[in-house]
Amino acid sequence: LIAALKALSEFDSRAVDVEAVLKYFVVHNFVVNGDSYTGSMIHNYYLYEDDGKLSMLPWDYNLAFGGFNGGNASSQVNYSIEYENISDRPMVSFIFSDENYKQKYYDFYYDFVSKIDTEKIISEADALISSYVEKDPTKFCTYEEYKEGVKTLIEFCNLRKESVLSQL
């Protein structure tokens, strides 16, 4: 782990599972998770080391979809796909200082938003938990508010896809 971190600080590509990290940043950015490595507090992530190569594991996404960043709905839907002004984060600096890796990021992002069916994923999750949410005596909102949240999340993801495609 120490050798991998040292190599990362020297921008040695042998220390990073570049494809895995690029895909992490694609999904991470799509869901606008500011309560994380790329946010102001630089936390809520894990580094995973396997045979000297680092990748990132997501953790604590309860404030994703713009829940941490503040601002209005439009600013979150249109959140930039670029990672700028965070040069103090070695994984971001390493990846986005290399034009080839940056292009791979764009290619992975395009592939992701072109193929993912967020409405299906959200609807399937809703079908799994909806009856439990309705019966939950400790829920933080009414069942009607929950159902409105499901619709809002679908709308957010659809609008986010449009925004990302226009940014690409």
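This is a predicted model: local features need pLDDT of at least 70, side-chain atom pairs count only at pLDDT 80 or more; totals for chains, interfaces and linings use all residues.
Reader: Where is Tyr37 placed in the chain?
Author: Residues are numbered from 1 along each chain as its sequence is written, and side-chain values use heavy atoms, with hydrogens and water left out. Helices (H or I, at least four residues) and strands (E, at least two) are DSSP runs numbered from the N terminus. In those terms, Tyr37 sits in the loop between α2 and β1 (45–50).

Reader: Is Tyr37 buried or exposed?
Author: Buried means under 20% relative accessible area, exposed means over 50%, and partly exposed is in between (1.4 Å probe, protein chains only). The relative accessible area of Tyr37 is 5%, so Tyr37 is buried.

Reader: Which residues is Tyr37 in contact with, leaving aside its neighbours within four places in sequence?
Author: Contact means heavy atoms within 4.5 Å. One of the partners is Met91, which is 54 residues away from Tyr37 in sequence but 9.4 Å away in space, C-alpha to C-alpha.

Reader: Why does Leu57 count as partly exposed?
Author: Let's find Leu57 first: it lies in strand β2 (residues 53–58). Leu57 is partly exposed because its relative accessible area is 36%.

Reader: Which residues make the nonpolar surface patch of about 410 Å²?
Author: Patches are made of residues with over 30% relative accessible area and no salt bridge, with like charges joined within 9 Å and nonpolar side chains (Val, Leu, Ile, Met, Phe, Trp, Tyr) within 5 Å. A salt bridge is a side-chain nitrogen of Lys or Arg within 4 Å of a carboxyl oxygen of Asp or Glu, and accessible areas come from the Shrake-Rupley method with a 1.4 Å probe; for residues, only the protein chains shown count as cover. The patch is made by Tyr46, Tyr48, Leu57 and Trp59.

Reader: Which residues gather in the patch of negative charge?
Author: Lys and Arg count as positive and Asp and Glu as negative, while His and the chain ends are not counted; the place of a charge is NZ of Lys, CZ of Arg, CG of Asp or CD of Glu. One member, Asp17, is in the loop between α1 (2–9) and α2 (18–30) and is partly exposed at 33% relative accessibility. The patch gathers Asp17, Glu49, Asp50 and Asp51.

Reader: In what order do the elements run from the N terminus?
Author: The protein chain has seven helices and two strands. Their order is α-α-β-β-α-α-α-α-α.
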